[in-house]
Amino acid sequence: MGPLISCDDLLVTPSPQPPIEHTEPHGHNGHAHAHPGPSDGHSDDHAGSHADGHPPGGSHGHGHGHGHSHGHGPAAPVSKHLRRVIAAVLIPFAVAVFVGMVVLWPGGAPGHERTGVGFDRQTQQGVVTSIEQVDCKSVNAAQVPTTGSPSAPGGSGAQAAQTGDCKKATVEVTTGPDKGRTFVEVVQPGAPRQLEDGQEVVVAYAPDAPRDLQYSVIDVNRKLPMALLAGIFAAAVVLVGRMRGLFALVALVVSFGVLTLFILPAILQGSNPLVVAVVGASAIMLIALYMCHGLTARTSVAVLGTLVSLSLIGLLGSGFIDWAFLSGNTDDNTGLIHGLYPDIDMSGLLLAGVIIGSLGVLDDVTVTQTSAVWELHHADPSMGSRALYRAAIRIGRDHIASVVNTLVLAYAGAALPLLLLFSIANSSMGSVANSELVAEEIVRTLVGSIGLVASVPVTTALAALVVSADRPGSSPASAGAPATGPVRGRGRRRKR
């Protein structure tokens with residue numbers, strides 16, 4: 001990974017500053033620019049030492065004036081020695097992640113014979129070429145499944161289908177070996193999805209069915225609106241975030257690449273879901289954070305804080321998933337996965353989902369807390385590690401409250417239809433929480449929230465210790481400690 005460098009490690013020549021309000025003897029006020037040639041570099045570092053080490057006012061107003069010239073970003077964070085310590089921790093971790101990906105690399109998802117159930121169906125594209133209104137009785141619609149529904153109509157729905165007008169849609173297959181072939185799809189009046197003339201649809205192909213029933217409409221084609229929405233999102237991110245927003249989009253693409261090319265196929269190949277999730281999430285974390293925020297000590301601290309929090313989430317998740325006897329096989333999709341690949345550890349798959357789902361929010365929290373500590377130190381370089389921690393943790397408490405609430409509401413919103421069913425059944429809160437389907441979401445939410453809460457003090461403490469660390473060989477002012485008196489003569493260059 002190499003030396004961790006920050007944009008603020010670059011030497012910046014201060015621009016001339018306007019006169020300041022503090023009055024000082026002319027001899028001291030002009031000494032920073034009194035030496036031409038090579039001495040200017042020393043005077044620049046001397047001015048920087050004033051800006052880092054002395055509070056404004058009094059006899060150090062000159063240092064305050066030059067301090068503005070360094071306000072282009074956070075102050076130089078740590079010494080070379082401390083950067084080497086950070087690198088010594090992160091480089092072996094990055095190497096271990098790389099080796100883990102090489103060892104576990106699946107080389108693609110394993111093949112299997114399609115069952116024709118759920119998502120495990122052969123699909124092609126089609127288009128509705130014509131729509132005809134017909135009487136439902138004439139097409140025996142009461143025995144025809146509603147378009148888009150997995151089950152046939154029943155009760156009042158079946159009675160309405162027998163007496164109402166149905167749509168008889170002619171659909172043409174536009175892809176695959178049967179391109180150009182047409183079939184008829186009957187849409188009942190109470191169907192949740194109605195077809196329109198010229199509408200693009202997704203059709204399922206069942207090769208073992210009778211010829212007239214081999215094709216059926218299972219969904220509509222939403223590629224155009226989805227692509228347009230993605231384009232608007234990307235444009236908004238780049239417009240507001242500029243180059244950093246562009247790097248964030250690249251990191252997002254890389255994250256999805258790791259997910260689809262490594263994590264999912266490796267789990268299907270039979271690798272331990274927890275190990276795969278840890279390796280894959282670590283790779284995503286390293287790539288996304290360093291790509292979005294740069295190869296700096298600040299980013300490295302955020303990576304360390306995220307790593308500690310992910311470890312805590314993994315330990316808690318593993319313990320409580322086993323203790324609560326959560327199988328991870330609670331719906332049709334997980335049941336289909338277990339039927340196709342019985343060797344997959346479904347409870348491990350549940351834990352992998354908890355870790356990956358928590359990663360995105362963890363990145364936000366750790367980066368925010370690290371940036372808060374760095375900016376507080378930049379605003380007042382004389383603050384020690386304890387003062388920095390106390391100031392930054394107050395910001396973190398506000399962040400905790402908003403993030404935890406966001407996480408809980410996100411899970412509740414995703415499970416809203418399920419919660420509505422429990423409400424209709426007049427089930428008590430105890431029985432609802434005890435059901436495995438809801439208990440999974442509760443464990444997922446609480447374990448992730450505990451990891452988020454823990455990430456705030458952990459990351460804040462790490463950042464405060466790193467940013468306030470002494471710089472070996474530098475002057476007291478450049479190390480963040482206040483000087484005991486005025487500095488005379490040439491200032492010493494701060495070691496990076």
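Strands here are DSSP runs of E with at least two residues, helices are runs of H or I with at least four, and both are numbered from the N terminus. We're looking at a predicted model, where local features need pLDDT of at least 70, side-chain atom pairs count only at pLDDT 80 or more, and totals for chains, interfaces and linings use all residues. Residues are numbered from 1 along each chain as its sequence is written, and side-chain values use heavy atoms, with hydrogens and water left out.

**View 1. Asp219 in strand β5.** Strand β5 covers residues 215-220 and includes Asp219. With 24% relative accessibility, Asp219 counts as partly exposed (buried is under 20% relative accessible area, exposed over 50%, partly exposed in between; 1.4 Å probe, protein chains only). Leaving aside residues up to four places away in sequence, Asp219 touches Arg193, Val201 and Val202 (contact means heavy atoms within 4.5 Å). Val203 sits 16 residues from Asp219 along the chain, and their C-alpha atoms are 7.0 Å apart.

**View 2. Ser358 in helix α10.** Here's Ser358, part of the helix that spans residues 346-379. Not counting residues up to four places away in sequence, Ser358 touches Ile313 and Gly448.

**View 3. Arg397 in helix α11.** Helix α11 takes in residues 385-414, Arg397 among them. This arginine, Arg397, has 52% relative accessibility, so it counts as exposed.
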